[in-house]
Amino acid sequence: MKDTLITPYSEGSRCYDTGYNDKLTINKTTLPKTVAGVTLGNMVEWFDFAIYSAMAMIMAKVFFPVSNNKTEMIAIYATFAAGFVIRPLGGFIFGPIGDKFGRRTALVASISVMSLSTLLISIIPSYHSIGMLAPVLLVLCRMLQGLSTGGEYGGSCIFISEHSPDKKRTFLTSWLEFGNILGFLVGGIIVSIISHTLGESVMLAWGWRVPFAIAGLMGIVAIFIRMRVDETPIFKEMQSEKKRSPQIKTSFVTIIAKEWKQLLRCAGIVAAFNISYYIILGYIPGYLSSFLGKSQEFSANLSLISTLGLLVFIPLFGYFGDIFGRKRLLQIGCIVMILFSVPAFMALKSGDTVFIIISMCVLIAGMLFFEGTIPATLTSLFGHKARYSCFAISYNLSVSLLGGTAPLLNTMLIEKTGSTLVPAYYLMAGALMGILAMWGMKDYTGKPLPADQS
C-alpha cells in the first residue's frame, strides 16, 4: 500500500477520513514526525513555565529584593501573570495568520518569538545592577513570551488534529499534553540539578540564567523542525477551494459571530482545565513552602513526582478518550475536582507527608481526565474557516482571566482572608464552569472535524 492515503476512513483498508467535505491526503509515514515536531515546539513553552515556577523564590530575590518573602512572591507571580494578560492579543495576531496563511506558518512564527524572548531573559541584568529597569525588562520579556504563547497551544492542537485520523484523534493529540508535561518535568529536573551543583549563592549570582538559555536554544531547534513538517491537509484543501471559487468570501467578523456559542463553551472548558493545571502543578509547591512551612526541597520533589505521574498516564487517558468519549471523561474530571478539592487541601494543610501525597494523587487523577482529552475536544468545537482564530482567542482570554492569574490571586486572597483553603474553592469554581460549558456540547469523538458551524 502506498503511504499517501486519500480515501475515507476504513478500518480494513487503513484509510482515514480527515473530516473535510472532500477527500484529503494524509501521509501516514510523516504523521509521527508531525506529532513529534509540533510537540517538541510546544515543550519549550512549558519548559519555560517549569523553570520560572521552580526558581520563583530565586527570581524574586534577583528582580524584586524586599524584606518580606510573601511580598516577593506576589511580585514574581504578578510578573508571571503579566505574560498571561497579553496572551489574548497573541490570539488575535496568530489566529488570523493561521487561518489565512497556514497553520505551520503561524506555529513557526510563534515559536520564533518565544525562543527570542526566553534567550533575552537569560541576559537581563539583576536589580542590584540596573535597579528598577531589571524588573521592567523581565516584565517586557514575559509579555513577549505571552504574545507568542497566544498562538502556540491552539495552533499545536489544531495542527495535530487536522493531521489525525478520526478514530485516533484523541490519542494522537494527547501526546501534545505529554510533551507539555515532559517539558515541565525536564525543566524542573534541570533546575534541580543546576541548583544542587552550583549552590544557592551561585544560583542567585548567575546560575538562574542557565535554564533560560537552554530553553531558548531548544526553541531554535524546534523552529527548524517545524519548518520541515507538511501543512495540514485541511488547510491545503481550504486553499484549493479558494482558488476554485475566488469570488466566495466570508468576512472574519461574520465567521466569529457565527461561532460565539462555541467561543463561550471553549472558554468555560479551558477555565476548568487551566485552573486545575496552574494551581496543582504551578502553585501548590510554592504554597507548601510559603504558607505551610514545608522545605523547598520537599515541595520540588513532590512536584517532580506528580509531574512524572501525569506523564506516564496521559497517553492512556487519550486512548480511553477515543473509546469512551471525550465529553464523558471531561465531565468525570470536573466532578472529581468538585468533590475532592476541599478534602485534598485539608490534607495538605495537615502537614502530614502521607496525607499530602494522597491528596496530590487524587488531584493528579482528576487532572488526567482533562489532559488526555482537551486538545481534540477544543479543536472539534470550531469550523475550519476560523478554527485557529476562534481557538486562540477564546482559549487565551480564558487562560488570561482565570488560569495564569490563579497563583497571584490565590496568594493575595490567602493573605487577605487568612484561609489556606482558597485554592480548593478556586478549583471547584473552575470545575463548575467546565460542567456548565459542556451542557449541550456535541461530542465529535470518532467523527470528522466540523467543516463549518451552522
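**Close-up views of a predicted model**

**View 1. A buried pair, Arg 142 and Asp 48.** Arg 142 and Asp 48 are both buried (under 20% relative accessible area with a 1.4 Å probe, protein chains only; exposed is over 50%, partly exposed in between). Their side chains meet in a salt bridge, 3.3 Å from N to O (a side-chain nitrogen of Lys or Arg within 4 Å of a carboxyl oxygen of Asp or Glu). Arg 142 sits in helix 7 (residues 133-163) and Asp 48 in helix 1, so the pair ties together parts 94 residues apart in sequence. Helices are DSSP runs of H or I, at least four residues, numbered from the N terminus.

The model is predicted: local features need pLDDT of at least 70 and side-chain atom pairs 80 or more, while totals for chains, interfaces and linings use all residues. Residues are numbered from 1 along each chain as its sequence is written, and side-chain values use heavy atoms, without hydrogens and water.

**View 2. A network of salt bridges.** Asp 99, Arg 103, Glu 162 and Arg 387 are linked in this network. Glu 162 meets Arg 387 at 2.9 Å, N to O. That pair links helix 7 with helix 18 (residues 387-403), 225 residues apart. Asp 99 meets Arg 103 at 2.8 Å, N to O. Asp 99 counts as buried at 7% relative accessibility; Arg 103 is buried at 0%.

**View 3. Residues lining the largest pocket.** Its lining has 33 residues; Ala 54, Val 191, Gln 296, Glu 297 and Ala 300 lie nearest the centre. A pocket is an open set of points on a 1 Å grid over the protein atoms alone, where a 1.4 Å probe fits, with protein on both sides within 12 Å along at least five of seven lines; lining residues have an atom within 4 Å of a point. Helix 14 gives the largest share, 8 residues.

Note on methods: Helix = DSSP H or I, 4+ residues; strand = E, 2+ residues; numbered from the N terminus.
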